[in-house]
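Hi,

Here is the structure I promised to pass on.

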Amino acid sequence: MKDNIRFRYEKMQGFLLLPLLKNGVMRCIRPFISFALIFFFFCSQGFTFPVYATDEMPLVINGFSAMLVDAQRGQTLYAKQEKERLHITLSSRLMTVLLSLEDAKPGAMITASSEATKVKGAMLSLRVGEKYTLENLTYAVVLSGANDASMALADYVGGTIDDFVAMMNAKAEQLGMLDTHFSNPTGIIDDAQYTTAADMAIFMKYALTNPSFSRVFSTQAKPWYDDKKTSLLTNRNTMFWSYDGTDGGIAGNSEPSLESIITTATRNNLRLICIILEVPTTSKNTDCANLLTHGFTNYRFGTLVAAGQTLKTLDIGGQPLNLLAKNDTFYVYPIGQSFVTGMVTSIDEGSIAPPILKSTSVGKAIFTLADKTVIEVDLVPEKDILPQKTTWEAIKEQLKTNQELLYFIGFLAVIEIFWILGTAINSLVRRLSRKKKQRRTL
């Protein structure tokens, strides 16, 4: 077979190159012609050459539902069926941890109940009546998905499981998670329990502002101690060990072949939240990495408005007054685009009356981005606005400002008074002296 292929190649090469030998140019162009012949030969044998993906290739996510948002403001950078209601165990576990950290005292000791030790999905071998720290139980929920830890937390914080579930639903409503409903703190399958990727993005943006929650969510591994042994709870989200910049994560499954994964990662001051729900187990890390890379490659974190930037000018009493941005304001934008579609100001000019200090907000500049995100920036005057002074108040202020001049004027006034008194006394003495002389003459 090899000899046959070689014969066909040499025959083709000889047939095409023989005329060139007579022209004396074979030596210069033979390498190029040989490459072309090899290329066409392999194509004729059915070989294909690999095509490598580029940044322009469409982003393919195998998960049923997905979202990519920035952690600071919640801007949506990618969404796929984000409004579809799904049963996701992670939602119950994360809400249980958040409420426990918000409502219970740090360092609280929780007594394990019989219900907690016997729940489906128990992993910690809790003993009835034994006390465990609240913090250790929250780590066990996030890292390992321990249902016995979730039940123990819910029972302690809510008083009863039913009351705790009511707290979960009240918190979801407060946060604006309109497509979420909880029926248990563990995530055990229940037809009445559901959430969406969009609601999980709302939850994560809020929860990450809680330092205690953020600390638990960012943990890769944690020792678990009991009287019999010490074990290591390891985060089921393996993005910690495969994707640079990963600083938070959780993973879990409702079905053996499907998982849900939430990962946060930070690069160049941009922190992203990646949410992928019901993704095949073999694709979860690939999907998550592709989605995060899409965000970091195509978006940047930058300044929308710098503190002190003039955004509006008013006329106050015939004088111009600049209104400045009170603080630095940041946003996420696609590379090469400003992403801002409009800006309006909201100011009650009638209420801008003295006195107003330059640290006082007098209105807002409202920016609208291309993704419909609305960002409000507080406006402050560039200088203090004080009431108009009367003539006497202005004189007093000037005198206070120039005390040395006041003392000098006072000194001159005293000298003037003494001079006037001296002159008057001297005149009076002269008159009396004249009268005495006149009396003596008579």
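**What I found**

Of the contacts in the protein with a separation of 6 or more, 58% are between residues 24 or more positions apart; a contact here means heavy atoms within 4.5 Å. Before you go further: this is a predicted model, where local features need pLDDT of at least 70 and side-chain atom pairs count only at pLDDT 80 or more, while totals for chains, interfaces and linings use all residues. Residues are numbered from 1 along each chain as its sequence is written, and side-chain values use heavy atoms, with hydrogens and water left out.

The overall picture: there are 12 helices and 16 strands, taken as DSSP runs numbered from the N terminus (helices H or I, at least four residues; strands E, at least two). The protein has 442 residues, and 38% of them count as buried. Buried is under 20% relative accessible area, exposed is over 50%, and partly exposed is in between (1.4 Å probe, protein chains only).

Now the inside. The structure has 1 cavity of 30 Å³ or more, and the volume of the largest cavity is about 50 Å³. A cavity is a set of points on a 1 Å grid over the protein atoms alone where a 1.4 Å probe fits but cannot get out, and lining residues have an atom within 4 Å of a point. The volume is the space filled by probe spheres set on the points, which are joined across faces, edges and corners.

Which residues line the largest cavity? They are His87, Gly252, Asn253, Ser254, Glu255, Leu258, Glu259, Ser260 and Glu278. Strand β7 (246-255) and strand β8 (258-267) each bring at least two residues to this lining, with β7 giving the most, 4 residues.

Two loop residues have backbone angles to look at. Most residues other than glycine have a negative phi. Asn269, however, has a positive phi of about 70 degrees. Asn269 sits in the loop between β8 and β9 (270-280) and is exposed, at 64% relative accessible area. Phe339 also has a positive phi, near 70 degrees, and belongs to the loop between β13 (329-334) and β14 (340-347). Is Phe339 buried or exposed? Phe339 counts as buried because its relative accessibility is 13%.

Last, Thr230 lies in strand β6 (residues 230-234). Thr230 is exposed, with a relative accessible area of 52%, and touches Trp224 and Tyr225, leaving aside residues up to four places away in sequence.

Cheers

How values were computed
On a 1 Å grid over the protein atoms alone, a cavity is a set of points where a 1.4 Å probe fits but cannot get out, and a pocket is an open set with protein on both sides within 12 Å along at least five of seven lines; lining residues have an atom within 4 Å of a point.
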